[in-house]
Amino acid sequence: MSIADNVARVRERISAAAQRTRRHPDDIELMAVTKTVSAEWIRETYGSGIRLFGENRVQEFEGKQAGVRELSDARWHMIGHLQTNKAGRATELFACVESVDSLRLAQKLNSAAAAIGKTLPILIEINIGGEGSKGGIAPGSENLEHLLEAAPALSQLRLQGLMSVPPYNDDPELARFYFRQMRELSDEIRSRNLAAVKMDVLSMGMSHDFEIAIQEGATRVRVGTAIFGEREVVRGKN
Ligand SMILES: *Cc1c(COP(=O)(O)O)cnc(C)c1O
């Protein structure tokens with residue numbers, strides 16, 4: 001199976017899942033997650049029509065940058081845990097940070113974006129399963145409220161929505177509950193009409209569960225393994 005075949009198959013699965021719930025396939029963005037994937041494979045993925053890519057580590061992406069620079073209309077999103085001391089570099093490198101999990105990080109990104117005159121879209125990462133090993137803000141927490149309230153002051157950032165990695169289970173049906181909770185949280189925040197807070201993006205669903213995520217309202221799915229094959233990583237940790 002080539003990368004192009006895998007991408008085509010993922011796109012078919014996205015379409016089928018969307019149609020089952022009367023959603024339009026175009027309303028679901030496909031992100032290729034390229035952690036541990038070489039620049040050569042990334043160029044091949046681009047060749048199959050993908051324009052949205054996700055990376056987990058600032059340093060890993062920096063190492064590949066020279067090999068992907070020619071892909072001028074590719075968009076790169078940061079989806080892994082970001083330490084505040086890397087906020088400056090991440091602001092330069094990425095078109096969006098989906099893994100904002102504290103007000104402090106948001107403030108660092110805001111200052112870094114101001115320094116280079118950039119407007120930076122962000123998502124808030126929600127730890128929907130309450131797992132100690134994972135990043136993200138707890139739903140219903142004060143930390144989440146503080147971040148939402150601060151949005152108007154973070155003038156270089158654009159808060160577009162939420163991102164989540166629910167607890168891993170071999171049976172993807174068991175993720176449905178968490179995806180639904182994410183959708184409800186997003187709807188609830190949207191209904192409050194907070195200043196500078198948009199809830200247009202719901203980034204959730206990975207290789208083994210993206211169809212369920214789409215049925216529950218995902219607007220962006222982040223897919224690695226189904227495009228590139230298995231990686232040598234510990235499941236459940238990100
Ligand atoms: C690795 C990763 C993905 C993709 O996971 P696959 O199971 O390989 O599709 C999606 N989101 C995040 C945050 C990741 O770290």
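A residue is called buried when its relative accessible area is under 20%, exposed when that value is over 50%, and partly exposed in between, with a 1.4 Å probe and protein chains only. By that definition Glu-216 is buried, because its relative accessible area is 8%. This is a predicted model, in which local features need pLDDT of at least 70 and side-chain atom pairs count only at pLDDT 80 or more, whereas totals for chains, interfaces and linings use all residues. Residues are numbered from 1 along each chain as its sequence is written, and side-chain values use heavy atoms, with hydrogens and water left out.

- Helices (H or I, at least four residues) and strands (E, at least two) are DSSP runs numbered from the N terminus, and strand 8 covers residues 220-223.
- Strand 1 (residues 29-33) runs parallel to strand 8 and is joined to it by 4 bridges, where two strands count as paired if DSSP finds at least two bridges between them.
- Within this pairing, Leu-30 has Val-221 of strand 8 as its bridge partner.

**Salt bridges within helices**

- A salt bridge is a side-chain nitrogen of Lys or Arg within 4 Å of a carboxyl oxygen of Asp or Glu, and a search of the whole structure finds 17 of them.
- In helix 3 (residues 58-68), Glu-60 and Lys-64 lie 4 residues apart, about one turn of the helix, and they form a salt bridge whose closest N and O atoms are 2.9 Å apart.
- Of this pair, Glu-60 is partly exposed at 24% relative accessibility, while Lys-64 is buried with a relative accessible area of 10%.
- Asp-187 forms a salt bridge with Arg-190, again with the closest N and O atoms 2.9 Å apart, and these two residues of helix 7 are separated by about one helical turn because they are 3 residues apart.
- Asp-187 is partly exposed at 30% relative accessibility, and Arg-190 is also partly exposed, with a relative accessible area of 38%.

- The side chains of Arg-180 and Glu-216 meet in a salt bridge (2.9 Å, N to O).
- That pair links distant parts of the chain, 36 residues apart, with Arg-180 in helix 7 (residues 176-191) and Glu-216 in the loop between helix 8 (210-215) and strand 8.
- Arg-180 is partly exposed, with a relative accessible area of 40%, whereas Glu-216 is buried.
- A network of salt bridges links Glu-29, Arg-75, Glu-98 and Arg-220.
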